[in-house]
Amino acid sequence: MAFGGFNDDKKQAPMADINVTPMVDVMLVLLVIFIITAPLFTHSIKLDLPSAQSSSSPDKPDTISVSIDGEGRIYWNNEAVEQAELGNRLAVAARKQPQPELQLRADKSTRYEVIAQVMSAAQSSGMAKMGFVTESQQKP
């Protein structure tokens, strides 16, 4: 392989050889890296892990649906109740184990005062889980 010469009367042809030295250097570096890191992938630690028996998950607690219509009437699982009776029922439900979840449904035209009274009654009776139920919008 000649790169230069002292003879100027010959036209030089383009060099058609591929220099593989940099490629060999890169491959050797990668080979060394894989040789060093390969034992790390196969190394394992022998552990005697304890086994645990878990009991079946407890049943989901009941849900109580409290609905309020546009005129402020309160319904306990679709049964009309008065404000005083609602407080008694909430107190009984709060003592159950596991405590049921309270789902509050209110009409759009319901006054916030009635909703706040129901929420206050639920909190004062000891209900810990309360959620608001809404309707999802229908896509046209």
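N77 touches T63, I64 and S65, with residues up to four places away in sequence left out; contact means heavy atoms within 4.5 Å. The C-alpha atoms of N77 and I64 are separated by 6.3 Å, although the two residues are 13 residues apart along the chain. The model is predicted: local features need pLDDT of at least 70, side-chain atom pairs count only at pLDDT 80 or more, and totals for chains, interfaces and linings use all residues. Residues are numbered from 1 along each chain as its sequence is written, and side-chain values use heavy atoms, with hydrogens and water left out.

N77 sits in the loop between β2 and β3 (79-81). Its phi is positive, about 50 degrees, although N77 is not a glycine. N78 lies in the loop between β2 and β3 as well. Phi of N78 is near 65 degrees, again a positive value in a residue other than glycine. Most residues other than glycine have a negative phi, and most peptide bonds are trans. N77 is partly exposed, with a relative accessible area of 40%. N78 is exposed, with a relative accessible area of 70%. Here buried means under 20% relative accessible area, exposed over 50%, and partly exposed in between (1.4 Å probe, protein chains only).

The protein chain holds three helices and five strands. Helices (H or I, at least four residues) and strands (E, at least two) are DSSP runs, numbered from the N terminus. Read along the sequence, the pattern is α-β-β-β-α-β-α-β. Buried residues make up 20% of the 140 residues in the protein chain. The accessible surface of the protein chain comes to about 12,300 Å². Carbon and sulfur atoms account for 57% of this surface. Areas come from the Shrake-Rupley method with a 1.4 Å probe; for residues, only the protein chains shown count as cover. Among contacts in the protein chain with a separation of 6 or more, 63% join residues 24 or more positions apart.

Strand β1 (63-68) is mostly covered, with five of its six residues buried. β1 pairs with β4 in the parallel sense over six bridges. Two strands pair if DSSP finds at least two bridges between them. I64 has L102 as its bridge partner in β4. β1 also pairs with β2, in the antiparallel sense over three bridges. In this pairing S67 stands opposite Y75 in β2. The hairpin of β1 and β2 has five residues between the strands. Within this hairpin, G72 takes a positive phi near 95 degrees.

The largest nonpolar core has 18 residues. Such a core is a set of buried Ala, Val, Leu, Ile, Met, Phe, Trp, Tyr and Cys residues joined through side-chain atoms within 4.5 Å. V66, W76, L86 and L90 touch the most other members of the largest core. At least two residues of this core come from each of β1 (63-68), β2 (74-76), α2 (83-94), β4 (101-106) and α3 (112-125). α3 gives the most, with five residues. W76 touches I64, S65, V66, V81, L86, R89, L90 and A93, not counting residues up to four places away in sequence.

The loop between α2 and β4 contains P98. A cis peptide bond joins Q97 and P98, with omega about -10 degrees. Q99 lies in the loop between α2 and β4 too. Q99 is buried, with a relative accessible area of 14%. A polar atom of the Q99 side chain lies 2.9 Å from the backbone oxygen of G126. The Q99 side chain also reaches the backbone nitrogen of A128 at 2.7 Å. A polar contact is a pair of N or O atoms within 3.5 Å; within protein, one must be able to donate a hydrogen and the other to accept it, and residues adjacent in sequence count only if both atoms are side-chain atoms. Neighbours within four places in sequence aside, Q99 is in contact with P61, A93, A94, G126, M127, A128 and K129.
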